[in-house]
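Dear colleague,

Please find below the structure that I am handing over to you. My notes on it follow directly after.

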Amino acid sequence: HTVRRQSIKRGEPRQMPSLPHTAESTVREEHFSSRRKQLEDYLTNILKMPMYRNYHGTMEFVGVSQLSFIHDLGPKGIEGFIMKRSGGHRIPGLNCCGQGRMCYRWSKRWLVVKDSFLMYMKPDSGAISFVLLVDKEFNIKIGQKETETKYGLQIDNLSR
């Protein structure tokens with residue numbers, strides 16, 4: 001933390017912005033819009049500070065990653081954690097689905113959905129694991145019959 005604090009450039013905000021100290025239960029309905037604006041300003045100021053913007057807890061809370069701030073990748077899509085099953089590789093004895101059934105390896109990934117691709121990254125390092133392009137064979141299957149999981153979905157394209 002000391003190294004991060006010392007590496008902050010001059011002119012960048014150094015202090016955390018403050019939030020109002022009034023309890024939500026005591027705020028009148030006509031003041032909700034100003035409270036909403038105060039919260040929006042607070043989050044905007046947090047995201048302007050690289051030390052807090054790059055902190056994994058902040059990124060998870062707001063639903064952003066380092067890629068959210070690269071304008072050349074197109075408009076911001078949805079981002080968040082998912083549990084990803086290994087690409088069809090079944091491993092007996094690991095996370096079994098039932099007696100005699102094949103089992104799968106599951107891992108936690110950060111999913112980024114954009115207009116022309118989706119990709120997932122490793123949450124601890126931010127390393128891009130895979131990019132899946134939206135092409136003419138892009139297809140999404142949902143439901144237990146199609147995916148073999150109760151709440152899962154399967155995404156396919158020409159290459160995978």
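This is a predicted model: local features need pLDDT of at least 70, side-chain atom pairs count only at pLDDT 80 or more; totals for chains, interfaces and linings use all residues.

Residues are numbered from 1 along each chain as its sequence is written, and side-chain values use heavy atoms, with hydrogens and water left out.

Overall organisation

The protein chain has five helices and six strands; helices (H or I, at least four residues) and strands (E, at least two) are DSSP runs, numbered from the N terminus. Along the sequence, these elements follow the pattern α-α-α-α-β-β-β-β-β-α-β. Of the 160 residues in the protein chain, 22% count as buried, where buried means under 20% relative accessible area, exposed over 50%, and partly exposed in between (1.4 Å probe, protein chains only). Among the contacts (heavy atoms within 4.5 Å) in the protein chain with a separation of 6 or more, 36% are accounted for by residues 24 or more positions apart.

Aromatic pairs

The structure holds two aromatic pairs. Rings of Phe, Tyr and Trp (its six-membered ring) pair if their centres lie within 6.5 Å; planes under 30 degrees apart count as stacked, over 60 as edge-to-face and the rest as tilted. The ring centres of F81 and W110 are 4.9 Å apart and the planes stand at 90°, so this pair is edge-to-face. It links distant parts of the chain, with F81 in strand β1 and W110 in strand β2, 29 residues apart. F81 is partly exposed, at a relative accessible area of 31%, whereas W110 is buried at 7%.

The rings of Y120 and F130 have their centres 6.2 Å apart and their planes at 35°, so that pair is tilted. This pair also links distant parts of the chain: Y120 belongs to strand β3 (residues 117–121) and F130 to strand β4, ten residues apart. Y120 counts as buried, at 11% relative accessibility, while F130 is partly exposed at 24%.

Individual residues

R109 is found in strand β2 (residues 104–113) and is buried, with a relative accessible area of 16%. Leaving aside neighbours within four places in sequence, the residues in contact with R109 include F81 and Y120, as well as G80, K122 and S129.

S68 has its place in the loop between α4 (56–62) and β1 (79–90). S68 is buried, with a relative accessible area of 12%. Not counting residues up to four places away in sequence, S68 touches K76 and E79. The side chains of S68 and E79 make a polar contact (2.4 Å); a polar contact is a pair of N or O atoms within 3.5 Å, and within protein one must be able to donate a hydrogen and the other to accept it, while residues adjacent in sequence count only if both atoms are side-chain atoms.

Strand β4

V131 lies in strand β4 (residues 128–133) and is partly exposed, with a relative accessible area of 39%.

Yours sincerely
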